[in-house]
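I opened my notebook to look at one protein chain. I wanted the overall picture before the details.

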Amino acid sequence: MAMINRSWAEVDLDALRENLAWIRDRVGPEVKVLTVVKADAYGHGLKQIAALLMQSGTDIFGVANLAEARAIRSVGQGWPILMLGACLPGEVADAVHDEVMPTISTAEEAQWFSRAAMRQRRLVRVHLAVDTGMGRLGVTPAGAADLADQIRSLPGVKLEGMFTHFASSEDDADFTQTQAEQFQQALAAVRVRGIQVPLVHASNSGALLHERDVLFNVVRPGLLVYGIVPPGTRRSTLTLPDRLRPALSWKTSVSLVKTVPRGVSLSYGRTYTTTRSLRVATATVGYGDGYSRMGSNRAQVLIGGNRCRILGRVTMDQMLVDVSRSPEAKPGDEAVLIGQQGDDAITVTELATWFGTIPWEVLTGINHRVPRIYRGGTAA
Ligand SMILES: Cc1ncc(COP(=O)(O)O)c(C=O)c1O
């Protein structure tokens, strides 16, 4: 029995490869690329994306938890993996065992890792986080050198890296600059004490695009790897070649089309009433797939190459679309939620605007009910 998908995401692995190649060209051969693959590789499917990035020359992976690190290890051994968030006390032993590099903000965390490393007779490579304005993780810039010193004195622990995270690199050039300078000073203070820091990083996608110089010797992009320019008020001075393109498209099907006369209310809560006779299609996607209810009466989809507006509330598994501009629409037709159809395209950033959110949340919100279908990606 053939299984027909009601909503699915197509992931173009060649696009991902080319996006990574573009990032590599941008940063040059001396700089390492740490690709951020947390949250199921931004919804693209962690194992397939990790395999592709391994073939395409990523240097380091960035994850949010140990399960993600293990998924990467199951695809290929040997790649360095950085846990971008703080480790929970109960995760420390496993992180050491799995050779995941933890992020350290305090001397206490460093001691946990030292003890676990000694117990397991292993060496744990840690990255020291410096808080220059994000407020989420990290030691203060003034405290960085002391913490680095403490890490140096602990057995079983090696200071492998040091990083900070920008709070507003897409929007605020001045604040980003201030953060970079504070981090630079913290790094200098560590080095003055004769402590080597092999890997130094700060640049997320926004900084990679908007800072003229490539900062430090590792970059840490997420969104750009998936071919999406982070929305914001700063304008990139770089020319973004065609090579950088979104890897993911999200599609669904039309299941029913009918003519609805004037004066009829549609969907839950009766938030939309036809003001004239309309061709209305039912599409097989809803908030149960991760398509936000915020798209009700607002978002658009592509059907028959035309933009068609959602009518009334998005429901769990279905939504209604005005196909008056594509009157030939029929059951089984493809509807595009994110991606290209004919000459038009709906970007994830546009969809995020309709949903009142950001592309990161839309991508990671496409849930497990939506199968990911992979195209391209044969070994380079
Ligand atoms: C610490 C850290 N570095 C880098 C990134 C990648 O950010 P972006 O997707 O904006 O490139 C993230 C993503 O949230 C992050 O948390």
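Among contacts in the protein chain between residues at least 6 apart in sequence, what percentage join residues at least 24 apart? I looked it up, and the figure is 65%. I note here that the model is predicted.

**Entry: the whole chain.** I counted up the secondary structure and got 11 helices and 19 strands. I then took the span of the C-alpha trace along its principal axes, which is about 75 × 50 × 45 Å. The chain has 380 residues, and 44% of them are buried.

**Entry: the core.** I turned to the largest nonpolar core, which has 112 residues. Val126, Leu128, Ile303, Val321 and Leu337 touch the most other members. Helix H1, residues 13-27, gives the most to this core, with six residues. I also checked the domains: the core draws at least three residues from each of domain 1 (31-226) and domain 2 (248-375).

**Entry: Val321.** I listed the contacts of Val321, leaving aside neighbours within four places in sequence. Among them are Ala281, Ala283, Val301, Ile303 and Ala335. Val321 also contacts Cys308, Arg309, Ile310 and Leu311.

**Entry: H1 and H3.** I went back to H1 and asked how it sits against helix H3, residues 46-56. Their axes come within 10 Å and cross at roughly 45°. The two helices are therefore oblique to each other. I noted the crossing of H1 and H3 as right-handed. Which residues meet there? From H1 I found Leu13, Leu16, Arg17 and Leu20. They meet Ile49, Leu52, Leu53 and Ser56 in H3.

How values were computed
Residues numbered from 1 in each chain as written. Predicted model: local features only at pLDDT ≥ 70, side-chain atom pairs only at ≥ 80, totals over all residues. Core = buried A, V, L, I, M, F, W, Y, C linked by C-beta atoms within 7 Å. Buried ≥ 20, exposed ≤ 12 C-beta atoms within 10 Å, placed from the backbone. Helix = DSSP H or I, 4+ residues; strand = E, 2+ residues; numbered from the N terminus. Domains from an automatic or database assignment. Contact = placed C-beta atoms within 7 Å. Axes fitted to C-alpha atoms, helices over the stretch in contact; angles between N-to-C directions. Parallel < 35°, antiparallel > 145°, perpendicular 65-115°, else oblique. Left-handed = near helix turned anticlockwise from the far one by under 90°.
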